[in-house]
Amino acid sequence: MPSVGAALGGGGATAAPAQRPRRNWVPYALLLPGLLWLALFYATPMVTLGSQSLQEGNVYDGFVFTGNLSVYPQALSEYWPQLLRSLGYAATATFFGLLLAYPLAYFMAQKAGRWKNIMLILVIAPFFTSFLIRTLAWRIILSDGGVVSDFFERTGLINLLEWLTLTTGGTLLNSKFAVMAGLTYNFLPFMILPLYAALERLDPRYMEAARDLYASGWQTFRHVIWPLSLPGVVAGTLLTFIPATGDYINSRLLGNTQTVMIGQVIDSLFLRVLDYPQAAALSFILLIMIVTLVALYVRRAGTEELV
Amino acid sequence: MTWIKRHLLAFAALAVLAYLLIPNLVVAIFSFNDPRGRYNYEWNEFSAAAWLNPCGSPGLCEALGLSLRIGFIAAFVATVLGTLVAFALGRHRFRGRSGTNLLIFMPMATPEVVMGSSLLTLFVMAGIPSGAVNITIAHIMFCLSFVVVAVKARVSSLDPRLEEAAADLGANPFQTFLRVTLPLAAPGIAAGALLAFSLSFDDYIITNFNASPSSITFPMYVWGAAQRGTPVEIFVVGTVMFLIALTVVVIGQMLSSRRDRKA
Amino acid sequence: MTEHPSGDLCLEQLSKKFESFTAVNSLDLTIPEGSFFALLGPSGCGKTTTLRMIAGLEDPTSGTIRIGDVDITHVKAHRRNVNTVFQSYALFPHMKILDNVAFGLKRRGDKDAMRKAQEALDLVELGHTAKKKPNQLSGGMQQRVALARAIVNRPNVLLLDEPLGALDLKLRRQMQIELKRIQSEVGITFVHVTHDQEEAMTMADTVAVMNAGNLEQVGPPADLYDHPASTFVANFLGQSNLLTSRVTGLGGDGLATADCHGHEIQVAAEHIPTGVRDVFVGVRPEKLRLDRSGRNHLDGTVTDASFAGVATQYLVRLPWGHEVTVVQPNDGSPRARVGESVDVSWEPGSEFVLDASQDQDAGMFDTGLRDA
């Protein structure tokens, strides 16, 4: 996946100054401990994960490597709904995340003036507090008889959600709606910050120039602001989509049995059912799917500087 | 009407900000609740009991202590290793740069459930029992990439002429690093360390795959509690964390804006 | 700091190649101790690379650098008694002004670093800014701090890399005078890199003109201006009118005759390069006059006149289509109008003569290459 590497390294590769070319061992010495750690505890586990998926047996009698690939079609045929659902939920959360994050990021970067720093603090601070507790707070916010559920009922929005099969039984909690709202919420800072970084670099004179050259507000956005913010959009969508796909905290705490995501399946196969090969196979499938999607996306978006 | 139209963007921005902050507000309010049952989901009546005795919920403070310890160690090690890598990437030319970038990027492109489960298979095959050490190792691994990104951004934006100026003025490479490069990179390193700590402290999924019953971290405690009932004390901890984070971020902002103005 | 060599700065056969590109090509140059020396050339001519090699920030591909008798070619930057004023000043943003200035002294363990730094700041009239940070100072002030930071170390050689490039015109003029004053006060060898020919000529005792990695000519500014050795120097240093001519014979009183598009003109015989007959006769615009008072004269038509206060610059088309530039002081004499037929004349001996086998337009336009 050269494009994935380029996505990360683009900035560095071009910015690397021509320095001290003689003392070549220095960068390797700097890299060694960190890369060794990643090799041992990121790369090696991928090998053992692959190996585990091709073993047969059980935790009590031990596993034997048989190289039986049939576990993959089995896992796929059994759990494809959860896999697809995870991708769907993650894509939805990414889409709405972008929709919500963009105006806030743009406002902070270009319009907030002296409020900029305060707003930035308010965006970052929740990100540093417990993910789980904030998700639990959504149970309170969306609970029956609460302000939000009241509002949905009065405006009839609840009927729309029911019609879209996003909720059932007239309650907001334990539904697709709650899971996707939670996912959108939880990964929003990951969307806002890269967008903010990209939009903050935007020289306001570009917008003035566009207006001067007869562009409407929308055309200015479409032809100037949006293209220039693309690196932020790509980084933000990736940082939202990837963790959201594997997440199961939201689906577990805010959903129901019909909203089970793939992470939940892998978790329970590993830790409850103890079917390691099947679990490892699913895990591997998830990884391949994500990496493929990310590689395609990065290539398509054609941005060099991601991180 | 035109007033509303003109400020539409501001309203949208504030609404999103509210969406981000309301859960924290709810957590703060419900930390003063005296719930009727085991679940702290409905407002009953005001009580400061949980604030007066935050360790009242059995096991909570032990879990918190473990999370803090793991968080500090993981943040420290990841910051040191990540900073070294960031310096190599931002300041040197070498063969294997794209491979290095790929290895740094992959943990960020891998869902936590995959990293957690793959590490479990590694430790199982190596015959290493689960526990706090495994958790710490895992946390260092996934925090490292984020530190690299944070520090590299800062390092590659530094003017290389500043280092040349130091050498020109008689500073040897070590003095140049200590007196010029490191102080200038410090904000990036601090941001990386802070990020690493919060990622470690907050991680549930990877931790859960590698924990044993004797190594319950705070997020695991919250998760376990959510299955049986939610003690008000975890809302107290959540509020305190928010306040600490707010303070740290405010101080960081003040430092950096003072630097922008003065330095 | 193991050695403190002093003496002339000598570059011998100094070359720098970047992969396939030769930035500096076998440069031989001696810069006398205590002189104000300017390295002048367009972007990409190799002047900055030369400077960086002297500073020790770039390794020469071949050749040697000596100060007096000591070879410093392979001495690391931080061990050389050579300091640089960087193009964008490179003041350390995290240190106070005084700490910036004291940085070099402290690295050498000078006990008196702070007092000396304060004195250096006073020398550049910025003593009151000691406690400030660099970004609280204006560009001109930062420039002076960078200068103080370098000279406080009493280097054998002070290198200035386009030090005035970021300043506006008025400030540049002030700083040029200021730099000359400081140089004469401290008596350190200054090597000043610039692409601004006017700056080089006003400030330096000796100017070296570089082009595409090679040295074109070295000498005092007036020599270079009056007797450029190549079309590149003639065009790059001020404006030149180059008239294609052929030397036809020697006259009396040290003059030679030449044929310029069918017109006979006279030139000083000593100005003609030996063994050359096809030449460019070069005359500076201010040495041409719009009358017949000079012994050499041609007729032409005014095609453009631009008034510039102290003088007026005319473009005059000669009969064979070539345009010459004439600058006339606005001393009350009548001004010519566009379209007017005029005489253009000059005195033999005020010209310079160059071999016509060179590119007539060399040095006219910036090559557009970035300085390597």
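Helices (H or I, at least four residues) and strands (E, at least two) are DSSP runs, numbered from the N terminus. By that rule, chain B of this predicted model comes to twelve helices and zero strands. Residues are numbered from 1 along each chain as its sequence is written, while chains are lettered from A in the order in which they are written. Local features need pLDDT of at least 70, side-chain atom pairs count only at pLDDT 80 or more, totals for chains, interfaces and linings use all residues, and side-chain values use heavy atoms, without hydrogens or water.

The C-alpha trace of chain B spans about 70 × 65 × 35 Å along its principal axes. Chain B has 263 residues, and 57% of them count as buried. Buried means under 20% relative accessible area, exposed over 50%, and partly exposed in between (1.4 Å probe, protein chains only). Contact means heavy atoms within 4.5 Å. Among contacts in chain B between residues at least 6 apart in sequence, 72% join residues at least 24 apart.

Chain A and chain B meet through 94 residues of chain A and 89 residues of chain B. The area buried between them is about 8,600 Å². Buried area is the accessible area (1.4 Å probe) that two parts lose on being put together, summed over both. Carbon and sulfur atoms give 79% of this area. Between the two chains there are 13 residue pairs in polar contact, both residues at pLDDT 80 or more. A polar contact is a pair of N or O atoms within 3.5 Å; within protein, one must be able to donate a hydrogen and the other to accept it, and residues adjacent in sequence count only if both atoms are side-chain atoms. The count of salt bridges between chain A and chain B is zero. A salt bridge is a side-chain nitrogen of Lys or Arg within 4 Å of a carboxyl oxygen of Asp or Glu. Helix H2 (residues 25-53) of chain A gives the largest share of the chain A side, 21 residues.

B:Asp202 belongs to helix H9 (residues 173-202) of chain B. B:Asp202 is buried yet has no salt bridge. The nearest side chain of opposite charge (Lys and Arg count as positive and Asp and Glu as negative; His and the chain ends are not counted) is A:Arg134, 4.4 Å away. Beyond its neighbours within four places in sequence, B:Asp202 is in contact with residues including A:Ser130, A:Phe131 and B:Pro219. B:Ser198 is also found in helix H9 of chain B. B:Ser198 is buried, at 8% relative accessible area. A polar atom of its side chain lies 3.1 Å from the backbone oxygen of B:Leu195.

Helix H11 (residues 218-228) of chain B has nine of its eleven residues buried, so it is largely enclosed by the rest of the structure. B:Pro219 and B:Trp223 are among the buried residues. Just after H11(B), B:Gly229 takes a positive phi of about 145°.

Over all chains, the structure holds 25 salt bridges. One of them joins B:Arg91 and B:Glu163 (2.8 Å, N to O). B:Arg91 sits in helix H4 (residues 60-91) and B:Glu163 in helix H8 (residues 160-168) of chain B, 72 residues apart. B:Arg91 is buried, with a relative accessible area of 3%. B:Glu163 counts as buried at 8%.

In chain C, C:Asp278 and C:Arg246 meet in a salt bridge (3.1 Å, N to O). C:Asp278 lies in strand S14 and C:Arg246 in strand S11 (residues 241-250), 32 residues apart. C:Asp278 is partly exposed at 42% relative accessible area.
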